[in-house]
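Here is a short briefing on charged and aromatic side chains. Keep the structure open as you read.

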Amino acid sequence: MSQQKYICIHGHFYQPPRENAWLEVIEIQDSAHPYHDWNERISAECYAPNSASRILDKVGGVIKKITNNYSRISFNFGPTLLSWMERNDKEAYQAILEADKESMELFGGHGSAMAQVYNHMILPLANRRDKETQVIWGIRDFERRFNRKPEGMWLAETAVDTESLEVLAEQGIVFTVLAPRQAKATRRIGDEHWNNVNDQTVDTHKAYRCNLPSGKSIALFFYDGDISQGVAFNGLLFDGKRFADRLIEGFNDGDHSPQLVNIATDGETYGHHHKSGDMALAFCLEYIDQNPDVNLTNYGHFLSMFPPEHEAQIIENSSWSCVHGIERWRSNCGCNSGKGYNQNWRAPLREALDWLRDTMIEIFETEGSKLFYDPWRARNEYIRVILERSDESIDRFMDEYAARDVDVNKGLRLLELQRHAMLMYTSCGWFFDELSGIETVQVIQYACRAVQLSKQLTERVLEGEFLKRLEKAPSNLPMYKDGVGVYKKCVLPSKTNLSRVGMHYAVSSIFEEEPENLPLFNYMATNEFYVKKEAGEQKLVIGITKVRSLVTRSEKRFAFAVIYLGKHDVIGNLSLNIELDKFSSMQFRMIDAFEDGRLGDIMTIMQTYFGPEKYSIWYLFKEEKRKILDMIARQGLEDIEMSLRRTYNRDYPLVNALSNNDIPIPNAYRTTFEYILNADLIKCFRPDRINMKLLDRIAGEMKRWNLKIEDPSTLERLAGDSIYQELLRINTERDNLKRISRLNRAFTILSKFDLAPNLHRSQNLYFEMSLENREKKPEEISKEWTEQFLELGDHLGVKVE
């Protein structure tokens with residue numbers, strides 16, 4: 001009977017697109033501290049750990065095996081998330097792709113990766129064309145990354161209707177996964193009578209065929225709701241063995257036909273929502289693998305062995321995360337996160353975006369028919385450009401789908417308008433509680449970008465009508481009042497055009513040693529002329545530059561002048577149409593005034609040539625503005641530190657005497673000591689080496705004066721990075737006994753602090769080194785080095801034979 005029992009664990013790994021709609025990068029998110037943004041944080045807590053998860057020894061609780069969980073589960077990753085990982089977490093990204101290849105070897109040629117609708121749009125609320133594009137883009141993205149066609153596709157929030165299943169089947173998708181409460185009725189194929197079912201009575205142990213009105217069909221799997229709930233919310237991940245046992249208990253002992261116990265949860269359950277959830281999953285998979293009575297599988301593999309013998313009907317407009325169907329994404333249905341807010345804003349937001357989408361369709365069809373042979377086919381194929389934004393890719397695309405001698409810039413703007421008209425329907429925009437939440441602001445930002453593009457294409461001003469509709473969406477927070485308040489306070493500050501990019505470049509270049517290498521996200525600046533003058537703290541830059549969008553190929557040429565007066569006092573001007581002889585005259589007069597120290601004259605000259613409109617540091621993009629302000633603030637903090645350090649050095653003997661005589665130490669001294677020792681502690685972890693002597697001294701001082709570490713999370717990351725860098729050096733110098741001894745001593749000193757350094761990468765590397773060591777002859781590695789290496793394993797919590 002062992003061959004009849006199969007287990008499939010599915011993880012839906014997804015983050016909403018968080019990129020600035022103009023810059024196409026994620027700007028810093030302070031709520032994700034100590035990480036740059038939530039993608040980076042969740043990748044560190046979940047996506048990367050699952051690619052190299054730990055199985056612990058029963059006795060010592062140390063790592064005895066590291067395994068790639070993805071290779072033995074079913075999984076899908078959102079295309080927009082994989083796009084981010086490809087650029088920002090390459091190691092985890094490659095491990096995911098490799099896991100799919102490994103799973104094909106394990107499961108009869110069927111890869112465990114499933115595709116996903118492109119940007120997590122709720123398909124039952126989408127029009128037919130958007131459904132098709134979402135599915136086509138999801139498939140093409142999958143094929144480009146995994147080098148194969150997907151068998152299955154994950155629907156956003158498993159939201160389903162018959163038309164969505166028709167689109168999946170039309171595009172060659174073989175199966176999808178739904179929640180048990182989405183099953184309406186089932187019957188054995190060939191029977192006439194349908195049996196009504198619900199989430200408790202539907203048999204989730206088998207695959208079903210869903211026959212569609214078109215004559216096509218698609219296979220459906222309904223996951224086990226009770227076990228999935230236990231994993232996600234009821235503590236099953238606290239114990240990997242208990243998790244495995246619960247899955248094994250899920251079989252129907254009275255049924256001797258092939259059975260599949262399958263569960264589905266957010267993939268973030270395994271590590272982000274539940275710390276060490278990846279390890280519980282790893283243990284569970286290992287435990288099941290060693291059980292001769294059950295087999296791990298994925299959906300494609302099970303379906304190939306046991307085609308459906310039953311068919312099913314779905315409940316139209318249903319989903320896995322809203323008991324009211326799909327109302328969570330269009331009404332105040334009562335589904336929320338429990339913060340006490342109402343969601344009366346959901347319906348007006350949906351209605352405002354629907355109006356905007358329909359207006360964009362008119363623009364796209366009218367303007368697109370002048371440029372493309374078939375505008376809607378061109379939109380479906382535009383994913384090729386999205387996946388490779390190069391001049392060559394754009395030229396190939398335009399040659400194939402556009403008429404001859406068309407305006408390429410206009411064509412790209414039209415397609416970008418449609419891309420943003422879909423991105424604004426990302427499901428997370430409605431999922432949470434408040435209109436001003438970061439996910440909802442994100443979808444309104446995409447709408448703002450679409451409105452801007454429509455004006456550039458047609459001169460139609462849609463913003464007023466859009467805001468009139470958005471005003472009907474009430475915020476729970478008085479500071480915003482409604483959607484217009486959110487739009488003006490949270491969205492408009494991010495709005496960008498080529499002029500703003502030009503001024504951003506001009507202002508930022510003052511603070512850069514090599515301004516030509518200044519990152520401009522998805523824009524590029526090319527200097528025709530650039531000069532910088534410095535006089536102490538004051539700086540002057542004058543130049544002519546061409547700014548080009550790498551997305552739409554739009555470009556403009558600017559002349560600029562910027563003066564930096566110190567601290568955050570920056571004044572800049574920009575001109576689109578200054579004549580070359582006037583620019584030369586201005587340049588001569590400004591440099592002459594700057595070298596003479598006539599700052600007032602510089603302001604007058606700038607106004608004469610550029611006009612009254614000025615730019616300041618506040619016009620910079622968020623990331624660069626933060627970087628420059630941090631740099632300026634650091635200069636001030638260095639002065640503060642110098643002052644406090646003088647007090648620390650001068651009065652240390654006095655404080656020591658107070659302590660020795662049991663006299664309370666004044667808080668001002670305690671604060672000073674804490675500040676200086678924390679500053680020194682950060683300096684211990686340098687890229688080239690860990691300052692062991694300083695680290696040991698600080699540990700003693702901290703303990704003696706009973707002082708606290710100010711930012712332990714940042715320090716844990718720094719320590720983890722330094723340990724990893726040191727281990728990399730050890731890996732290249734296997735005979736360097738002194739180096740490995742130093743790292744062991746560092747762990748001994750670090751144990752005096754109440755810190756838990758992030759050792760994930762170091763553990764992975766150590767495990768690889770241990771495997772390499774096993775292949776060497778005993779005489780190739782000294783006894784002393786081996787002893788130190790084993791001690792290092794104890795510090796890292798890794799067991800080696």
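Buried means under 20% relative accessible area, exposed means over 50%, and partly exposed lies in between (1.4 Å probe, protein chains only). This is a predicted model: local features need pLDDT of at least 70, side-chain atom pairs count only at pLDDT 80 or more, and totals for chains, interfaces and linings use all residues. Residues are numbered from 1 along each chain as its sequence is written, and side-chain values use heavy atoms, with hydrogens and water left out.

**Salt bridges**
- The whole structure holds 63 salt bridges (a side-chain nitrogen of Lys or Arg within 4 Å of a carboxyl oxygen of Asp or Glu).
- Asp395 and Arg553 form one of them, at 3.0 Å from N to O. This pair links distant parts of the chain, 158 residues apart.
- Asp395 is partly exposed, at 36% relative accessible area. Arg553 is buried, at 18%.
- Arg734 bridges to Glu772, with the closest N and O atoms 2.7 Å apart. The two lie 38 residues apart in sequence, so the pair ties those parts together.
- Arg734 is buried at 16%, while Glu772 is partly exposed at 39%.

**Aromatic pairs**
- A search of the whole structure gives 39 aromatic pairs (ring centres of Phe, Tyr or the six-membered ring of Trp within 6.5 Å; planes under 30 degrees apart are stacked, over 60 edge-to-face, the rest tilted).
- The ring centres of Phe431 and Phe432 are 5.1 Å apart and their planes stand at 75 degrees, so this pair is edge-to-face.
- Phe431 is buried at 19%; Phe432 is partly exposed at 31%.

Methods: Helices (H or I, at least four residues) and strands (E, at least two) are DSSP runs, numbered from the N terminus.
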